Amino acid sequence: MSDIGQFFAKLSPGGKETFSLLQKDGPLTKNDLLVRAKTNLSTLNRIMQPLESERFVVETGVGESSGGRKPVLYDLNKKKFYVLGIDISRPYTQLIITNPKLDIVDKRFFNMDESHTPEKTTRLIGCIVEEFIAKLNIERQAILGAGLGTVGPLDRSQGIMINPVNFAASGWVGVPIKSILEQELKLPVVIDNGANTAVLAEHYLGAGKTYKNIAYFNCSIGIRTGAISAGNIVRTINDAEDAFGHMVIDFVDGELCSCGNYGCIERYSSIVAIVQKFTVALKKGRISKVTKPIEQIDYLDICTAAETGDELAKEIINNAATIFGAGLANYINLLNPSLVILSGPLIKESELFYQICITTALKRIYSKTNNRIIFSRGGHFDENAISLGAAAMVIERYLSKRQF
Ligand SMILES: [Zn+2]
């Protein structure tokens, strides 16, 4: 374990709580901390002593006076250490490096194609981390660790990606991603599925900061879902994040899904399904403003065409979003979230998809009088949510006994 890791391991529960309060709400005065931590000044001073002497916490200025001397503001030392957040998704891989406040200090991104096997992807990640270290002019030991949000199903305890579907490259089966990355980066790595890390980021620091029940959907090549219920992550079998996508919405006439069932949401509402339905319609002679060769058409073309009034694109997006919205209503009925975040490339590119989803969901939910649900397009962190939540997970592992 690194020196920083050892410091956290030895830190008192009060010290961890103070660190956490400053991470989320700092800068704060000692008075602010006393109120939040419900303690007295001598205890707080004792708690803060190691944090201040090791410069994890520093004075950052003075706050407003309520009469008399202006109080000193305390916050985390933004240069004390760094954390890596990695998001391996099917269309792209993203890396961020953050400070202890989880501010993004630097960020890189690459698209994933047929050449991006696990070996190539992890090698590229290693190169980017070298670049971060050189650019920030820091030692590797200044990085506390790396969090990875990736595509399930996972064996989290062993750090293995079991058999995620639809990666463009081959080799993404039974990948011991945690140990490969630990070797490549020479740092400790924690992993979870990307939808969980995203909902964690929104819960800690983003759109869901004040909510205990949050549902997060990432609409991309597949449909990835993460949920927080009563403040805790809802775990599914094998930490898969695609259960919602395989909710059966049409058992009678449903189309065959990759999972072997009929009528799953993913068969109608994922990027893959939308592109397939659009190109099949073109092959059958339907007219569209999209003039590219059929095999080159991607979801961006269809989303753009729908926004500019193309009838076929509108129809396909409309159908996809209506089915998604009906599934969303079922999900809301079961989990009763206060906040629903719809995110991912499809939501980002298609206002139409987003609007039809939420209109349909609101029309179909069981309790029509339930108007307390807040919908958010993209959440607070949008495309950074998965990697930021992965970074948050690294710090949280040291601060909390809670298992993620
Ligand atoms: Zn299915």
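**From a hairpin to a buried pair**

Author: β5 and β6 form a hairpin, with five residues between them. Leu102 sits in the turn and has a positive phi of about 65 degrees. Strands here are DSSP runs (E, at least two residues) and helices are DSSP runs too (H or I, at least four residues), each numbered from the N terminus. Two strands pair if DSSP finds at least two bridges between them.

This is a predicted model, in which local features need pLDDT of at least 70 and side-chain atom pairs count only at pLDDT 80 or more, while totals for chains, interfaces and linings use all residues. Residues are numbered from 1 along each chain as its sequence is written, and side-chain values use heavy atoms, with hydrogens and water left out.

Strand β5 covers residues 92-98 and β6 covers residues 104-111. They run antiparallel and are joined by seven bridges. Ile97 stands opposite Asp106 in β6. Strands of a sheet pair through backbone hydrogen bonds, either parallel or antiparallel.

Next, an open sheet of three strands. Its order is β1-β3-β2, and its pairing is antiparallel. β1 (28-29) and β2 (57-62) stand at the edges; each has a single partner strand, so one side of each is left without a neighbour in the sheet. Five bridges link β2 to β3 (residues 72-76) in the antiparallel sense. Val62 has Val72 in β3 as its bridge partner.

Now an open sheet of five strands. The order runs β13-β12-β11-β14-β15, and the pairing is mixed. The edges are β13 and β15 (374-377), and each has a single partner strand, so one side of each lacks a neighbour in the sheet. Inside this sheet, six bridges join β11 (residues 214-219) to β12 (residues 223-229), and the two run antiparallel. Ile214 pairs with Ile228 in β12.

Strand β12 also holds Arg224. Arg224 counts as buried because its relative accessibility is 4%. Buried means under 20% relative accessible area, exposed means over 50%, and partly exposed lies in between, with a 1.4 Å probe and protein chains only. The side chain of Arg224 reaches two places. One is the backbone oxygen of Thr150, at 3.1 Å. Another is the side chain of Glu241, through a polar contact of 3.2 Å. A polar contact is a pair of N or O atoms within 3.5 Å; within protein, one must be able to donate a hydrogen and the other to accept it, and residues adjacent in sequence count only if both atoms are side-chain atoms. Beyond four places in sequence, Arg224 touches residues including Ser89, Arg90, Tyr216 and Ile386. Contact means heavy atoms within 4.5 Å.

Glu241 lies in the loop between β13 (232-233) and α8 (266-269). Glu241 is buried because its relative accessible area is 3%. Among its contacts beyond four places in sequence are Thr150, Asn193, Ile223 and Arg224. Glu241 and Thr150 are 91 residues apart in sequence, yet their C-alpha atoms are 9.8 Å apart in space.

Further along comes the zinc ion. Its protein donors are His246 (ND1), Cys257 (SG), Cys259 (SG) and Cys264 (SG), at 2.0 to 2.3 Å. Donors are N, O and S atoms within 2.8 Å of the metal (3.2 Å for Na, K and Ca); water is not among the atoms, so sites may look incomplete. Their spacing along the chain is H-x10-C-x1-C-x4-C. The arrangement is tetrahedral because the four donor atoms subtend angles of 104 to 122 degrees. Cys257 is buried, with a relative accessible area of 7%, whereas Cys259 is partly exposed at 40%.

Last, the nonpolar cores. A core is a set of buried Ala, Val, Leu, Ile, Met, Phe, Trp, Tyr and Cys residues joined through side-chain atoms within 4.5 Å. The largest has 49 residues, and Phe8, Phe19, Phe56, Phe81, Leu144, Tyr216 and Ile395 touch the most other members. Helix α14 (residues 385-399) gives this core its largest share, ten residues. A second, separate core of 45 residues includes Met247, Ile302, Leu312 and Cys357.

Methods
Four donors count as tetrahedral if all angles lie between 85 and 135 degrees; four count as square planar and six as octahedral if opposite donors are over 155 degrees apart and all others between 65 and 115; anything else is irregular.
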